[in-house]
Protein chains: 2
Amino acid sequence: MKVNLMHGAGGEVMGELLSVITKFENNNAGGIGLESLDDGAVIPVGDQKIVFTTDSHVVHPIFFPGGDIGRIAVSGTVNDLAMMGGRPIALSCAMVIQEGFDVADLERIVASMDAALGEVGASIVTGDTKVLERGSLDGIVINTAGIGVANHVVRDSGLLPGDVIISSGTLGDHGLAIMAHREGFDLGEQIRSDVAPLWGMVEKALAAGDIHAMKDPTRGGFANAINEMASKAGVHVEIDEEALPIRTSVRSAAAMLGIDPLEVANEGKTIMGVAADDAEAVLRALRSHKYGKDAAIIGRVTEGSGVVMKTKIGGERFIEAPIGDPVPRVC
Amino acid sequence: MKVNLMHGAGGEVMGELLSVITKFENNNAGGIGLESLDDGAVIPVGDQKIVFTTDSHVVHPIFFPGGDIGRIAVSGTVNDLAMMGGRPIALSCAMVIQEGFDVADLERIVASMDAALGEVGASIVTGDTKVLERGSLDGIVINTAGIGVANHVVRDSGLLPGDVIISSGTLGDHGLAIMAHREGFDLGEQIRSDVAPLWGMVEKALAAGDIHAMKDPTRGGFANAINEMASKAGVHVEIDEEALPIRTSVRSAAAMLGIDPLEVANEGKTIMGVAADDAEAVLRALRSHKYGKDAAIIGRVTEGSGVVMKTKIGGERFIEAPIGDPVPRVC
């Protein structure tokens, strides 16, 4: 078997490849390990719970409306830590760079990473740099791994019947920004990536109520994230289409491109399952932060399985996990 | 300015690029940070000292005499942790894979990583996978970041006048194995990479005596490592050529290729500065481990600066830091 593009697209097909790549017998350091396929691992060290995660970033183009590969590299890892309840402390930065890459672009990328770090009080503490000869790599790959500390670990598998589903904001912005920009759409510049480091917002939400489950809807988008959350928890999720926050410009671009905005990556959003009694308090906390001002209650959890959307015209349709994110090199 | 191959070759020229890439204001989490350019960072968490490091691996070919990219990916990170005195606990594994890559090769790589992890009791606990379209990447890039716990942190800057310099074994094996294999030398198969995870050996050495400084001579080889150690500590190092452990086959291949075996990468060695009174005990500890049986005292530290080698014929010559490792994609 050969690796194909869908193996890296964050959807159903990716599972085939993951079954090979995760076949480690040495896969757990005493906490939450590789087998859980969560946003990060948890390692008990002394009396602390260390959260640990990694992401390699290959987004193309490297500069796009609303962000760049540097902002994604920091935000992606900060957000994976935050999804586990971890305050981001320290990140690593390993760059693989194509020979001939412009050093001025590198400077912009480093400055952008630094700004994102500053937003959440984290630091790049260690790094590595490799240069590949022309023809061996197109552009740059930036890997960031991250260490956080969690007082209370949150899982992506913790949904409970009775929970309310909250989205911290509009869906589809990042994936459509990348696609519209690539296609040279006139409306391209109106659609900006949502890429942002979310710890500050998540910290407020964690303090406001009982969050049972959290996940950031990156590759494969909301459709993939909510299906993974429902399936891991063994519950049914009902989504209210009318409540889904999606920008008009994103809807238009998605329609023109024939892409479902629920299936493309977001880089500055979280989907939460919250105890019903705490939903309003968590919503207020999210909305009090600049990255959460469009937060909305979008559904609820019941017993059963699968994810169903109540449509605007009163019907119902399944939201399925996509085969894979329709946007290649989205992050 | 454009990035060139020497910017990633671990020698003097790499400093130019590092001055750009390390320009983070957010660069330290309260312990040892990016500014120290050591083998890893140290982060205080509760009452523990967490060691944190990262490496992206691009070795070509991915299978070579004595090892493969998987064994390097685990060993490189385990060794960076060990060089700081850190017991390796948990590693991340982020793969960027070219479309069309053979899944059977991936299985071999994962099995090799798993075996190396098993040698030192560490685990892969979190991961990420991206697939790049044909033409965007040649082969596979594997990033591993690692977390260790140190009772006593060792720096690469700790050499003191009076210290003895110890090499844990023969020098130049990895770089020459890669080059000889690429060139199709008949003696290629006699030269095997030394790639190995060193924590078990380092742990014995740390228990045996007072180790003031430690570094693994990877890109740029021994010549680069010993110059960095001398320069960071502000001391002079005198190396005894006759004491340097170099295999005859490595010497021959190096001569044929016009490469200095002291300037190429090792992937299973450490260079230590040890208090003179403890040197014999540390040497015995190293030799009691399978990866240290060729350990030798190779020099001593005095006041001053620079690294000089006393040659076999009674002369002296400077050992300079190389411009860069002469073997591209060596690790």
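## The N-terminal domain region

An unreviewed UniProt entry annotates residues 38–150 of chain A as "domain: PurM-like N-terminal".

## Confidence

Please keep in mind that this is a predicted model. Chain A has an average pLDDT of 95, and 99% of its residues score at least 70. For the model as a whole, the scores are ipTM 0.96 and pTM 0.97.

## Two helices packing within chain A

Let's look at a helix pair inside chain A. Helix α4 (residues 173–183) packs against helix α7 (residues 248–257) with the axes 10 Å apart and an angle of about 55°, so α4(A) and α7(A) are oblique to each other. The crossing of α4(A) past α7(A) is left-handed.

On the α4(A) side, the contact involves Asp173(A), Leu176(A), Met179(A), Ala180(A) and Glu183(A). Their partners on α7(A) are Val250(A), Ala253(A), Ala254(A) and Leu257(A). Sorted by class, this contact between α4(A) and α7(A) has seven nonpolar and two charged residues, with no polar ones.

Now for a pair that joins two chains.

From α1(A), the residues Leu17(A), Val20(A) and Ile21(A) meet Val103(B), Leu106(B), Glu107(B) and Val110(B) of α3(B). The contact of α1(A) with α3(B) counts six nonpolar residues, one charged residue and no polar residues.

How values were computed:
Residues are numbered from 1 along each chain as its sequence is written. Chains are lettered from A and ligands numbered from 1 in the order in which they are written. This is a predicted model: local features need pLDDT of at least 70, side-chain atom pairs count only at pLDDT 80 or more; totals for chains, interfaces and linings use all residues. Side-chain values use heavy atoms; hydrogens and water are left out. pLDDT is the predictor's confidence in each residue, from 0 to 100. UniProt positions are given in the numbering used here, feature names are shortened, and annotations may be inferred rather than shown by experiment. Axes are lines fitted to C-alpha atoms, for helices over the stretch in contact, and angles run from 0 to 180 degrees between N-to-C directions. Helices (H or I, at least four residues) and strands (E, at least two) are DSSP runs, numbered from the N terminus. Angles under 35 degrees count as roughly parallel, over 145 as roughly antiparallel, 65 to 115 as roughly perpendicular and the rest as oblique. A crossing is left-handed if the near helix is turned anticlockwise from the far one by less than a right angle, and right-handed if clockwise. Contact means heavy atoms within 4.5 Å. Ala, Val, Leu, Ile, Met, Phe, Trp, Tyr, Cys and Pro count as nonpolar, Asp, Glu, Lys and Arg as charged, and the others, Gly among them, as polar.
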